[in-house]
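Here are my notes on the model you sent over. Have it open on screen while you go through the points.

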Amino acid sequence: MAAESTAGAGTADGLSLPPRAVSGKRAALGDRVYTVLVLASVWLVLSLAAGLVVALIWESWEAIRSFGFHFLVTSQWDPVAGEFGALPFIYGTLVSSALALLIAVPLSLGAAIFLAELAPSWVRPPISFLIEMLAAVPSVVYGLWGIFVLVPWLRDWVQPILGRTLGFLPLFQGPPYGIGMLAAGMILSIMVVPYITSVSREILLAVPGAQREAALGLGATRWETTRMAVLRYGRSGLIGAILLGLGRALGETMAVTMVIGNRPEIAASLFAPGYTMASVLANEFTEATSDLYVSALVEIGLLLLVVTVVVNGLARLLVWTVGGPARGGRE
Amino acid sequence: MSSATRRFTNAAMSGLTLAAALLVICPLLLIFGFLLYQGASAINVDFFLHLPKPVGEVGGGVANAIVGSLIMIALAVSLGLPVGILGGVYLAESRDRRLPWVLRFVADVMNGVPSIVFGIFAYTVVVIPMRRFSALAGGLALGLIMVPIVLRTTEEMVRLVPNALREAGLGLGLPEWKVSLRIVIPAARAGIITGVMVAVARIAGETAPLLFTALGNRFWQQGLDQPIAALPLQIYAYAIAPYDDWHRQAWAGALVLITLVFLASLAARLATRGRAIAR
């Protein structure tokens, strides 16, 4: 805080402060109180973040001790018998998120390129605005729409057609329930698109204009400029944007819980119901009766935390390499 | 490559990216269409003024859930607002080498932590010691989600305040705390309000962190240490229940919720329209 540096010069960067000549004792006290308050909130944020990790490890210790590494690789989830293996949930989270990215990445990058590079300037604001609105829709509303609109559409149209045409692949076999992995992946893709689009758009806008001018000056078309001069320059930031989307998809809870079917099984078909780490927390936390059960659920939460922190940390560093730390903070 | 091929590729890619942009906004239109179509017919005055009816009876409202949501948002704001703003001012003005970097990184990573994990945290530090679900636990979980958003927006906005303003204040002999609280923060006010409204819009729709903190309640709230209803929880409960009338109410609730969320987003936009900060 600036208060500490008033004694010194502080001319190196930022504001340079005059020596304290006028301020009396009361001001000095005020400054000290203010500094303490500011630093207190800084340390409160940091300790809450640390407390989050500690609390989750503490509460899941019993499960960690009882199951160890087996927790991650066994698929027996039987609260009555006290058997807990998280594999089906890990699998469901990974597959639904991968499916979501598969659909969302080309669309979002396309939309971001359109908005940052190719669109005439008058269409940019309204489309950006609509995409931002998409990010503001609450998860439970997506879930509601998923149950009553997306799922029936998948069941009556998409899945029968996929089954007839691509049914020789194990991915598209089995009865068309509507609810299941495919529905989860699709609703997730709709939800992560606005994040990936808006961060990628900011990354593209942060690419220096000289990059484009150089390519255009050599006679490249708009698209060639975008591909060779802009996308290549912003590549690490774009990967960061995709990872931010992945982080969202991994932890998304309500919409997925409402459409995935919530069955702890590993099936090859995308038509089959599944379960994710976040959904099992949403469904079973209030019903967990034994300490071990709660502990196992908290351990799933801890896993989710670790995975999303790693993904997001990586994403932030990549985004910062292009735009600097000030960018990508707000979504 | 011939120039015709290159021109064709250029046109084709422009077309494809346009198609992507249009396809991306399709779901928004579909969702809105269905919300209006399904929700509007179920909304009436009773919906805003009455408690939910017992199972099997048609009608009733979500008045308690709206009040519960507002109470928990207020609780969250009372944690998220001061901590977020002070932390943001610190990020913008500190000249320390390491701590701001750490705080910024922690805030950005916290912003990506799934909201349900904050729910588990509130469960372990409030619900377990108090031995019951409560509005306090829900407010804590929502407040934690709010902090990083307010913090980072405040930082961005405070950075935009011209140094000349600070220097003018300091030159007149004002102590630094007064410069911060009376000059810098008011100058960045519009932007900070935007950050707060964005955060409120986000937490107003959060469901997952409330499932096992606030729990939900079919009656009026009975104190901050008791389970409390919330609009998103009510929508979730109605959506997965097997009754048609409840589905109808879920749509109506979703329409009300999304209207609240968009009003908050709109307020956020209007606060800073045309100018990044008040100068």
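1. A word on confidence before anything else: pLDDT is the predictor's confidence in each residue, on a scale from 0 to 100. Chain A averages 88, with 89% of its residues at 70 or above. For chain B the mean is 91, and 97% of the residues reach at least 70. The model as a whole scores ipTM 0.92 and pTM 0.90.

2. Some bookkeeping. This is a predicted model, in which local features need pLDDT of at least 70 and side-chain atom pairs count only at 80 or more, while totals for chains, interfaces and linings use all residues. Residues are numbered from 1 along each chain as its sequence is written, with chains lettered from A and ligands numbered from 1 in the order in which they are written.

3. Where pLDDT is low, the predicted coordinates should not be read in detail.

4. Now the contact between the chains. Chain A puts in 84 residues and chain B 80. On the chain A side, the largest share is 17 residues from helix H2 (residues 25–67); helices here are DSSP runs of H or I with at least four residues, numbered from the N terminus. By class, that side of chain A has 56 nonpolar, 21 polar and seven charged residues. Nonpolar covers Ala, Val, Leu, Ile, Met, Phe, Trp, Tyr, Cys and Pro; charged is Asp, Glu, Lys and Arg; the others, Gly among them, are polar.

5. Chain B is split into domain 1 (3–42) and domain 2 (45–271), with bounds from an automatic or database domain assignment. Their centres, taken over C-alpha atoms, are 31 Å apart. Six residues of domain 1 touch seven of domain 2, and the domain 1 side consists of four nonpolar, two polar and no charged residues.

6. How does H9(B) (residues 189–204) cross H6(B) (residues 135–159)? Their axes come within 8 Å at roughly 155° (axes are lines fitted to C-alpha atoms over the stretch in contact, and angles run from 0 to 180 degrees between N-to-C directions). That makes the two helices roughly antiparallel, the word for angles over 145 degrees. H6(B) passes H9(B) in a right-handed crossing, meaning that the near helix is turned clockwise from the far one by less than a right angle. Residues in this contact include B:Met146 and B:Thr153 of H6(B) and B:Gly195 and B:Arg202 of H9(B); the classes come to eleven nonpolar, five polar and one charged.

7. H9(B) also meets H3(B) (residues 63–93), with the axes coming within 10 Å and crossing at roughly 140°. H3(B) and H9(B) are therefore oblique, and this crossing is right-handed. Among the residues that meet are B:Ile73 and B:Gly80 in H3(B) and B:Val196 and B:Ala199 in H9(B). The contact has eleven nonpolar, two polar and no charged residues.

8. Last pair: H10(B) (residues 231–239) and H11(B) (residues 244–271) pack at about 150°, axes 8 Å apart. The crossing of H10(B) and H11(B) is left-handed. B:Tyr238 of H10(B) and B:Trp246 of H11(B) are among the residues making the contact, which has ten nonpolar, four polar and no charged residues.

Conventions: Parallel < 35°, antiparallel > 145°, perpendicular 65-115°, else oblique. Contact = placed C-beta atoms within 7 Å.
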